[in-house]
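Here is a short briefing to read alongside your viewer. Please have a look at the sequence and the model first.

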Amino acid sequence: MSARTLPLLFLNLGGEMLYILDQRLRAQSIPGEKARKDEWTDVDRKRVMNDIIATMFNKKFMEELFKPQELYSKKALRTVYDRLAHASIMRLNQASMDKLYDLMTMAFKYQVLLCPRPRDILLVTFNHLDAIKDFIYDSPAILNQVDETFRHLIETYNCLSDGEFQLIRQTLLIFFQDMHIRVSIFLKDKVQNSNGRFVLPISGPVPWGTEVPGLIRMFNQKGVEVKRTEFTTAGNYITPQREGSFELYGDRVLKLGTNMYSVSRPVETHMAGSSKNLASHAKENIVPNPLAKEELNFLARLLGGLDIQKPAGGETGFRLNLFTTDEEEEHAAQTRPEELSYKVINIEATQEPARRAELSRILGELEVAEPRPGSAGKGEDLLALMDGL
């Protein structure tokens with residue numbers, strides 16, 4: 001497991017979340033002069049995007065995120081995104097939040113699988129950050145926050161070896177293992193099968209720095225080429241014209257990580273329906289968790305760095321529905337398997353002394369309540385303990 005994977009996972013999933021929210025907010029917005037008090041306008045959309053991006057790239061939050069650390073459970077990271085998605089006047093109910101997270105994870109999983117080289121995961125991240133900068137181009141202060149994170153990424157990752165990037169890629173694939181949720185866009189484009197597994201292409205550009213397959217060279221002991229043998233390949237490969245830019249500004253060349261929702265298309269998610277898939281989730285929930293204390297510390301540090309904007313005055317917040325109708329959203333909430341649902345955890349991160357005292361109390365309980373075989377799993381322990389915060 002790589003200790004440098006968490007920032008890349010968080011930023012790429014966050015980028016996908018912003019793509020989806022922007023598309024849905026645009027689809028549901030009403031012209032300002034015609035909108036009722038409870039309806040979205042383009043001004044509301046910009047406010048939501050600005051608030052979430054400002055929170056996501058908060059300096060203190062980024063400092064905690066970039067500290068070398070192992071990945072934690074899916075539920076622990078999901079709690080951070082629940083908090084982040086509600087960092088503005090927007091409110092999502094359980095079913096819409098589940099769908100949002102499904103879309104985020106499956107999109108980034110597909111991008112990781114398709115990366116020509118492990119190092120290209122960094123280009124995917126840069127594509128997400130480039131698009132995020134376009135969302136807040138007229139907010140210089142927030143734009144500077146994103147640029148600071150950009151510089152931190154370049155400083156941290158540009159110097160890593162190919163072997164270290166391969167370890168990062170393996171860590172990401174382990175995180176996404178057994179997640180096979182069908183997404184309508186992927187199904188229509190025939191890049192995903194009906195069982196939720198992705199179809200990987202056997203044609204296209206080869207990784208930068210490599211040659212198109214089809215030729216075997218043989219050398220003697222002195223390193224002189226003595227024979228060539230050609231063979232036919234099943235795919236239609238091409239050589240890339242240039243390498244993508246790993247600088248603050250530049251042509252990334254690679255298109256993975258760009259906004260696939262820029263053209264309005266309805267997006268649905270469906271469970272693959274495999275009992276084996278559900279069993280794998282259930283298995284995760286019953287494995288004893290020896291890292292409960294570390295996960296709680298991890299979440300407390302991350303969430304403590306989130307500067308959440310509370311609605312001003314009498315604002316109650318706007319509800320965003322990621323489904324076509326309210327009836328679809330309600331049906332999804334009723335039919336979603338319980339072991340795949342998550343609770344929204346509210347932590348008052350601004351009350352530092354009270355938060356530390358409560359955290360100390362919980363950690364004290366953890367020290368005498370060691371996990372028992374068959375007890376709640378890695379995510380369940382954490383959520384149960386934090387539910388009262």
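In which loop does D178 lie? D178 sits in the loop between helix 8 (162-176) and strand 2 (182-183). This is a predicted model, where local features need pLDDT of at least 70, side-chain atom pairs count only at pLDDT 80 or more, and totals for chains, interfaces and linings use all residues. Residues are numbered from 1 along each chain as its sequence is written, and side-chain values use heavy atoms, with hydrogens and water left out.

**Positive phi in loops**

- D178 is a residue other than glycine with a positive phi, near 70 degrees.
- D178 counts as partly exposed because its relative accessibility is 36% (buried is under 20% relative accessible area, exposed over 50%, partly exposed in between, with a 1.4 Å probe and protein chains only).
- V253, also not a glycine, has a positive phi near 65 degrees.
- V253 is found in the loop between strand 6 (237-238) and strand 7 (269-270), and counts as partly exposed at 29% relative accessibility.
- Helices here are DSSP runs of H or I with at least four residues, and strands are E runs of at least two, numbered from the N terminus.

**Helix 4 against helix 5**

- The axes of helix 4 (residues 74-85) and helix 5 (residues 94-114) come within 11 Å and cross at roughly 115 degrees (axes are lines fitted to C-alpha atoms over the stretch in contact, with angles from 0 to 180 degrees between N-to-C directions).
- K74, R78, Y81, D82 and A85 of helix 4 make the contact with Q94, M97, D98, Y101 and M104 of helix 5 (heavy atoms within 4.5 Å).
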